[in-house]
Amino acid sequence: MTVAQKVRHGISGLPALRQAPNFLALLIVVTVPLLFGAVHPIVQGTYVAVILLGLGGWLLYTLPSPAAEGLSWRRLAVPIVLMLYAALQSLPLPLGLIALLSPARAERVAAVNDLAGAGLTLAPLGDNGIIGLQTAIFLLALMVLFLALTALLRRDQRFPVLLLYGIAAVGLAEGLYGLLQVMNPGIGMLWLGVNGPEAHGTIIYRNQYAALLNICWPLAIAGALLHLTPSAGRSAAAPPGITALPQRLARSLSRLQPQVPVLLCAAGVMILAVLFSLSRGGILAMLTVSVLLNVLLPLSGRTRVVATLAIVAFVGVYGSMLGMDGIVARFGTIGDSGATRLHIYQASLPLLFDHWLTGIGVDAYKLLSGVYLKGFPENVLFDRVHNEYLETAIELGLPMAALFVGWLIAGVWSIGRRLRAPVAADAAAEKARIVGTAAFCALLGFLVHGLVDFGWRLPANAVYAVTLLALISWAVAELHNGGRRRDEQKTAAVEG
């Protein structure tokens, strides 16, 4: 027996150590939004180290075979290419090669040599080189987190529900904190103040806060749906002795598990907090997710109507108590804001045209926007494009951006097709379809929100998006197993 096999055998014999990866993964997901979404480099670096050393070490030393766990780095080929390219942008290269790949970047380096007498002979492709290397390491940590969550979800059937509960608890805490800020702006966010009665939670930018909650509340609804009894979840015919509507309602309520109203109320609190964040992109993304959930979730018409009316009534009653005037006024200025966003997009296009092949480097837009953006106040710095797709193209270049967007489109199409595929109607498949569909809708809302805001840039949101991908991967695998179980049952019936 090798040393590695002895280590694995020793760990497998200790129940506490077997549960350690589950606890560590939950700890990461639950705590990563707390300190401003891990936006500070020290906090982000701490989480990266925990993921790489903790979960990465567990993957290396305890998994007998990654293929046996359904893990494959080939599925992450595009993220790996993007990670390597972000690292490449931070490496010093000869100026001759820089001039060949990115003439505009070479001109800026030459200007530095002329004006400052720097005498540079090497320079990175990206204008913010060190951030490219930091981003590459962060992407590696996200991929390790995805692989670890995927393995944990497939090993322990209780872990998906625990993950749903953890994310719902985070969303509820952030939602309540945000609503408290609306009622009393003096509360602030941790040790920072809040300008005006807006919901921020522990996140500095309200757009990123709304993006986080739009990930959390669909999973809270999925958790509630998992606890619906068949009589409450399907529009079956009532027993002969129960014909009156009040009696049927009383019978359904008596069978209702307490987790259902608690999780639905939590979702209502989060939706309220999205509204009072005054993030127009977040509100529109929330409406998009709501429509997708109503269309794609495998529920009866009665369940859809009851759940929708319950949440709408909750939001309407408590929203009217807090006052909807600010939300209405916020959407009243959407025309002016939309025109400003379009102006930013158009003014940013020269950045893309000058660096279409290699990009300007990760997080370098704020360094060059003051030079390229024309017609804006000189005392205002635009550090983001407010469009994740356009900013990605500017930072990484058109070839890498096209590869990334193509990967997203292909993934969305493949996942949607697999989640809608018919499988055996057993409990495991039904649970997987509900969780996978809710995570898929939340992820689509996250991608839609990226068209008008920069929610992807928050490390906590990136961690939660990866968690959604892991849940979707688990759900697709469970549905595939459900189809295999159905084929086995057919074969057994024929042979019998």
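Q: What makes the contact between Arg108 and Asp127 a salt bridge in this predicted model?

A: The closest N and O atoms of Arg108 and Asp127 are 2.7 Å apart. A salt bridge requires a side-chain nitrogen of Lys or Arg within 4 Å of a carboxyl oxygen of Asp or Glu, so the pair qualifies. The pair links distant parts of the chain: Arg108 belongs to helix 6 (residues 103–116), whereas Asp127 is in the loop between strand 2 (122–124) and helix 7 (129–155), 19 residues apart. The structure holds ten salt bridges.

Q: Why is the pair of Arg384 and Asp363 said to tie together parts of the chain?

A: The side chains of Arg384 and Asp363 meet in a salt bridge with an N to O distance of 2.9 Å. Arg384 lies in the loop between helix 17 (365–372) and helix 18 (388–396), and Asp363 in the loop between helix 16 (334–354) and helix 17, so the pair ties together parts 21 residues apart in sequence.

Q: Why are Arg384, Asp363 and Glu391 called buried?

A: Buried means under 20% relative accessible area. Arg384 has 14% relative accessibility and therefore counts as buried. Asp363, with 12%, is buried, and Glu391, with 1%, is buried. Salt bridges that share partners join Asp363, Lys366, Arg384 and Glu391 into one network.

Q: Why is Leu34 called partly exposed?

A: Leu34 has 44% relative accessibility, so it counts as partly exposed. Leu34 is found in the loop between helix 2 (15–31) and helix 3 (41–62). It also belongs to a nonpolar surface patch with Leu35, Val39, Leu190, Trp191, Leu192, Ile204 and Tyr205, which together have about 730 Å² of accessible area.

Q: Why do Phe36 and Ala38 count as buried?

A: The limit for a buried residue is under 20% relative accessible area. Phe36 has 10% relative accessibility and therefore counts as buried; Ala38 has 1%, so Ala38 counts as buried. Phe36 is in the loop between helix 2 and helix 3, where Ala38 is also found. Phi is near 55° for Phe36, a positive value in a residue other than glycine, and near 60° for Ala38, likewise a positive value in a residue other than glycine.

Q: Which classes of residue make up the lining of the largest cavity?

A: The lining has eight nonpolar, one polar and no charged residues. Among the lining residues are Ala38, Gln44 and Phe138. Helix 3 supplies the largest share, three residues.

Terms used:
Residues numbered from 1 in each chain as written. Predicted model: local features only at pLDDT ≥ 70, side-chain atom pairs only at ≥ 80, totals over all residues. Heavy atoms only, no water. Patch = residues over 30% accessible without salt bridge, like charges linked within 9 Å, V, L, I, M, F, W, Y side chains within 5 Å. Areas by Shrake-Rupley, 256 points an atom, 1.4 Å probe, with all protein chains shown as cover. Helix = DSSP H or I, 4+ residues; strand = E, 2+ residues; numbered from the N terminus. Buried < 20%, exposed > 50% of the residue type's maximum accessible area, 1.4 Å probe, protein only. 1 Å grid on protein atoms, 1.4 Å probe; cavity = no way out; pocket = protein on both sides within 12 Å on 5 of 7 lines; lining within 4 Å. Nonpolar A, V, L, I, M, F, W, Y, C, P; charged D, E, K, R; others polar.
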